[in-house]
Every structure is written in C-alpha cells, then in structure tokens.
Amino acid sequence: MRCRFIQLSVAAIVICCSLSACTLEEIIAGFLINTKSCPIRLMIDGVEYSDDEYTFINLGRDHPHMYNRTFEGEFYVTISRTVSSDKGDTVDVFIRIREPGDLEIGKKYILSPENSNKTGIHFYMDNTEYRYNLTDGQLVFTQFIVGEYISGEFELTASEKNSGDIIHITNGTFEHLPI
C-alpha cells in the first residue's frame with residue numbers, strides 16, 4: 001500500500017512538472033515546505049526581539065516545538081525559535097519544561113534548572129556567540145490544542161556561562177506554535 005502511495009506521489013509530481021513552468025525542485029519544495037504565522041516576541045534587557053513566521057519541512061513533526069506525555073504521567077513542552085532585533089542581532093531561544101500531571105491553561109509554571117534543564121538563550125551579536133543558561137523564570141500557557149498548537153507567555157532570567165553576566169527576558173509571548 002505504501003509503495004502504491006509513493007508511486008502515485010511521484011506520478012503527480014511528474015504530471016505537475018510537465019504542465020507547469022516550475023522546476024522539479026520548486027514543485028517538491030511546494031509540497032514539503034510550509035510557513036505558518038506563529039509569532040514569538042520578547043524583550044531582552046529592554047530590546048525587542050521577534051519573529052512572525054515559522055518555516056518548516058512537512059515531514060511529520062519536523063519542527064522544534066513539541067508537546068509530549070511520558071509514561072510516568074508527566075508532560076513536557078519544548079519551544080525553539082530564532083528571533084531578531086531591529087539591529088539584526090539574532091537570538092536562539094530554547095525553552096523546555098517538564099512537569100507532573102496535565103498541562104493547565106492559566107497556571108503559572110516555575111522555570112528552574114531542575115524542571116527546565118535545557119532552557120537557554122544563545123545570542124549572536126557582532127559575530128560573537130554568547131550562551132546563557134536559565135537561573136529562574138515562569139511560563140503560563142494561554143491556549144493549547146493537542147496535536148495542533150500552543151500559545152503562552154514567559155519571563156526568565158539567565159546568566160552567561162563564562163562571565164556570569166545576567167540578562168532579563170520580559171514580555172515573552174508565543175502564539176499558535178505548531179506542536
């Protein structure tokens with residue numbers, strides 16, 4: 001059955017190529033690449049960083065936002081995005097939380113190194129990389145539909161692992177991240 005699906009898919013691509021002025025690469029990219037409006041915004045020590053759209057490959061769940069349940073009755077959520085400032089500085093934001101029970105809308109989850117051991121911020125400013133690790137913070141989910149999307153708000157404090165420099169992330173929001 002799967003082989004038949006692949007044969008029909010290849011046939012559809014060949015037909016589209018012959019009827020279109022597009023190249024095979026453009027047609028394949030159209031089938032595989034998806035862009036969704038799912039803004040993420042945050043302030044880092046008073047400077048706004050944001051990204052409005054997210055482009056990902058349509059191969060199952062090949063995007064870095066994830067919700068999952070464990071056999072132990074816990075849930076975990078992972079959020080990973082690159083945001084930019086108006087000056088062009090980029091920041092990789094990675095938040096992971098793991099908690100017992102079910103995810104609750106409106107509940108304030110405390111981010112700490114114990115339940116969010118992978119949470120961190122990577123700055124790329126003036127061609128220099130800075131790695132910050134979570135010291136504390138909070139996360140509130142505002143919308144959640146299993147298998148669809150997640151939205152929420154967050155604030156956190158992080159310290160640079162070499163210098164000990166501390167940054168404050170405030171007004172963090174994410175909307176309709178596909179999970």
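Modeller: The accessible surface of the chain comes to about 10700 Å², and carbon and sulfur atoms account for 53% of that area. This is a predicted model. Of the 179 residues, 34% count as buried. The secondary structure consists of two helices and ten strands, and from the N terminus on the order is α-α-β-β-β-β-β-β-β-β-β-β. Among contacts with a separation of 6 or more, 52% are between residues 24 or more positions apart.

In soluble globular proteins, nonpolar side chains tend to be buried together.

Now the charged pairs. Side chains of opposite charge can pair when their charged atoms come close. The structure holds five salt bridges. In one of them, the side chains of Arg41 and Asp52 meet at 2.8 Å, N to O. This pair links distant parts of the chain, with Arg41 in strand 1 and Asp52 in strand 2, eleven residues apart. Asp52 has 39% relative accessibility and therefore counts as partly exposed; Arg41, at 31%, also counts as partly exposed.

Another salt bridge joins Glu74 and Arg98, again at 2.8 Å, N to O. Because Glu74 lies in strand 4 and Arg98 in strand 5, the pair ties together parts that are 24 residues apart in sequence. Glu74 is partly exposed, with a relative accessible area of 21%, and Arg98 is partly exposed at 39%. Both belong to a network of salt bridges that links Glu72, Glu74 and Arg98.

A further salt bridge is formed by the side chains of Lys87 and Asp89, at 3.9 Å, N to O. Which of these two is buried and which is exposed? Lys87 is exposed, with a relative accessible area of 73%, whereas Asp89 is buried at 10%.

What does its side chain reach? A polar atom of the Glu160 side chain lies 2.9 Å from the backbone nitrogen of Asn162, and the side chain reaches the backbone nitrogen of Ser163 at 2.7 Å. Leaving aside neighbours within four places in sequence, Glu160 is in contact with Tyr130, Arg131, Tyr132 and Asp165.

Two backbone angles complete the picture. Most residues other than glycine have a negative phi, and most peptide bonds are trans. Asp45, however, has a positive phi, near 45 degrees. Asp45 is found in the loop between strand 1 and strand 2 (47-57), and at 46% relative accessibility it counts as partly exposed. His176 also has a positive phi, near 50 degrees, but His176 is found in strand 10. At 34% relative accessibility, His176 counts as partly exposed.

Terms used:
Residues numbered from 1 in each chain as written. Predicted model: local features only at pLDDT ≥ 70, side-chain atom pairs only at ≥ 80, totals over all residues. Heavy atoms only, no water. Helix = DSSP H or I, 4+ residues; strand = E, 2+ residues; numbered from the N terminus. Buried < 20%, exposed > 50% of the residue type's maximum accessible area, 1.4 Å probe, protein only. Contact = heavy atoms within 4.5 Å. Areas by Shrake-Rupley, 256 points an atom, 1.4 Å probe, with all protein chains shown as cover. Polar contact = N/O pair within 3.5 Å; in protein donor to acceptor, adjacent residues only side chain to side chain. Salt bridge = Lys/Arg side-chain N within 4 Å of Asp/Glu carboxyl O.
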